[in-house]
Amino acid sequence: MYSQGLTDAKGGDEPAELLAEFQAKIDREEKIEPRDWMPEAYRKTLIRQMSQHAHSEIVGQLPEGNWVTRAPSLKRKMILLAKIQDEAGHGLYIYSATETLGVTRDQLNDELLTGKAKYSSIFNYPTLSWADIGAVGWLVDGAAIMNQVPLCRTSYGPYSRSMIRICKEESFHQRQGYEIMTVLARGSKEQKDMAQRALNRFWWPSLMMFGPSDKDSKHSEQSMKWKIKRFTNDELRQKFIDATVPQAEHLGLTVPDPELKWNEQTGHYDHGEIDWNEFVNVIKGNGPCNKERMQARIKAHEEGAWVREAAQQYHANKKSEAA
Ligand code: BYC
């Protein structure tokens, strides 16, 4: 995923007793802190997952930013702006937490802008109508919360602490998305149709946010052992489906999965097969908006050069004044 071995999670020749003590600490539910000894592969796995997460928060602003100028009222515009600003904040907390692992923001940013680092597949889909903003809040933030609440208990201290505040804000985002959908679903026929089309567009990509199925997930086993992840991809996906289907029913909308069915025996919904070819295609860079998203981030970075230069100059001036 990254060049120069920033995150290729191969372990070194680490002493067995240190590895055993590290695992025992994790098993005792003690947090690992930046100055603690940790296996190189643990550090790299965290850099990979946390940086992908931070990049997702930053790129995730783009599909929503698309609707700032066209939000249907001043109130809606203010709420949307506040939400987008929250996402920037989430990115910054997680970048800062990642820096405690010995990488710099510049390195991480460089990995994103050169296309070496991944970000969540979901943000490569377009937001075609105002209802898509509702669907993003309801489904995308809903999926994010399902994934992130367990991360409040992840074994790495700085990551777990950053997640606590993020989850509070994400809950508000999810509620505002559901409220947009509620208003549309109870509105005119055209509005309800618009809400249904948004659900049709975002349902399957939201399920893909949880990652490949457990049998294809290459990192889950080790990450569960290290308690970086607390649930597998399929477990979280199932929890999301079970929580969200009744919400769709409450809206009077239909989940676009003909195989979706409540299973009395398991106490869960059975669901249809996810199109994994689509998922792989999107994470390889061939989704509907991958190129547009990267161009937007590169442009923002280039146009922000003067801000970085001014900040550096200010810092240098302060230092020379103090000397
Ligand atoms: N998109 O072995 P696996 C948000 C990659 S929400 C792209 O299961 P892992 C937000 C994976 O990186 C979204 N790539 O991996 C919400 C790996 O590739 P590499 C961000 C994906 O790490 C609303 C390969 O597939 N949330 O930010 O054990 C508004 C094999 O997967 C995806 C997070 O990042 C995907 N959907 O499990 C604004 C949460 N899924 O690295 C913003 C933290 C998998 O080997 N992350 N891949 O090249 C996680 O919980 C885990 O990293 C995942 C994947 C569950 C996503």
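In which loop is the place of arginine 35? Arginine 35 sits in the loop between H1 and H2. This is a predicted model. The briefing starts with that loop, then takes up a cavity, a pocket, a helix and some single residues.

- Arginine 35 is exposed, and its relative accessible area is 85%.
- The C-alpha atom of arginine 35 lies 37 Å from that of glycine 137. Along the chain, these two residues are 102 residues apart.
- Glutamate 29 also has its place in the loop between helix H1 (16-27) and helix H2 (40-59).
- Glutamate 29 is partly exposed, with 41% relative accessible area.
- The backbone of glutamate 29 has a positive phi of about 65°, although this residue is not a glycine.
- Most residues other than glycine have a negative phi.

**The cavity**

- How many cavities of 30 Å³ or more does the structure hold? The structure holds 1.
- The largest cavity contains about 30 Å³ of space.
- A probe the size of a water molecule, rolled over the atoms, shows where empty space is left.
- Glutamate 29 is one of the residues that line the largest cavity. The lining also includes Ile26, Glu30 and Lys31.
- Thr154, Ser155, Lys227 and Arg230 are also part of the lining.
- By class, this lining has 5 charged, 2 polar and 1 nonpolar residues.

**Lysine 227**

- Lysine 227, one of the residues lining the largest cavity, is found in the loop between H9 and H10.
- Is lysine 227 buried or exposed? Its relative accessibility is 18%, so lysine 227 counts as buried, because the cut-off for buried is under 20%.
- Lysine 227 is not a glycine, yet it has a positive phi of about 55°.

**Helix H10**

- Helix H10 covers residues 233-251 and has 19 residues.
- From its first C-alpha to its last, H10 reaches 27 Å. That is close to the 27 Å expected at 1.5 Å a residue.
- Which residues of H10 are buried? Among them are Leu236, Phe240, Ile241, Val245, Ala248 and Leu251. The buried residues also include Asn233, Arg237, Gln238, Asp242 and Thr244.
- Against what do the buried residues of H10 pack? Their partners include helix H6 (130-151), helix H7 (157-185) and helix H8 (189-208). Helix H9 (220-225), strand S2 (268-270) and helix H11 (276-286) are also among the partners.
- Just after H10 comes glycine 252, which takes a positive phi of about 80°.

**Lysine 239 on H10**

- Lysine 239 is found in helix H10.
- Lysine 239 counts as partly exposed, at 37% relative accessibility.
- Lysine 239 and alanine 143 are 96 residues apart along the chain, but their C-alpha atoms are separated by 9.4 Å.
- With neighbours within four places in sequence left aside, lysine 239 is in contact with Met146 and Phe231.

**Histidine 90 on H4**

- Histidine 90 lies in helix H4, which runs over residues 74-99.
- The relative accessible area of histidine 90 is 0%, so this residue is buried.
- Which side chain is joined to that of histidine 90 by a polar contact of 3.4 Å? The partner is glutamate 57.
- Beyond its neighbours within four places in sequence, histidine 90 is in contact with Glu57, Ile166, Glu169, Glu170 and His173.

**The second largest pocket**

- The second largest pocket has about 310 Å³ of space.
- Which helices each supply at least two residues of its lining? They are H4, helix H5 (105-113) and helix H12 (290-303).
- The lining includes Ile58, Leu92, Tyr95, Arg105 and Asp106. Asn109, Arg297, Ala300, His301 and Arg308 also belong to the lining.
- By class, the lining of this pocket has 4 nonpolar, 4 charged and 2 polar residues.

- Serine 121 is found in the loop between H5 and H6.
- Is serine 121 buried or exposed? At 6% relative accessibility, this residue counts as buried.
- Serine 121 touches Met208, Phe279, Val282 and Ile283, when residues up to four places away in sequence are not counted.

Technical notes
Residues are numbered from 1 along each chain as its sequence is written. This is a predicted model: local features need pLDDT of at least 70, side-chain atom pairs count only at pLDDT 80 or more; totals for chains, interfaces and linings use all residues. Side-chain values use heavy atoms; hydrogens and water are left out. Helices (H or I, at least four residues) and strands (E, at least two) are DSSP runs, numbered from the N terminus. The expected span of a helix is 1.5 Å times one less than its number of residues. Buried means under 20% relative accessible area, exposed over 50%, partly exposed in between (1.4 Å probe, protein chains only). Contact means heavy atoms within 4.5 Å. On a 1 Å grid over the protein atoms alone, a cavity is a set of points where a 1.4 Å probe fits but cannot get out, and a pocket is an open set with protein on both sides within 12 Å along at least five of seven lines; lining residues have an atom within 4 Å of a point. Grid points are joined across faces, edges and corners, and a volume is the space filled by probe spheres set on the points. Ala, Val, Leu, Ile, Met, Phe, Trp, Tyr, Cys and Pro count as nonpolar, Asp, Glu, Lys and Arg as charged, and the others, Gly among them, as polar. A polar contact is a pair of N or O atoms within 3.5 Å; within protein, one must be able to donate a hydrogen and the other to accept it, and residues adjacent in sequence count only if both atoms are side-chain atoms.
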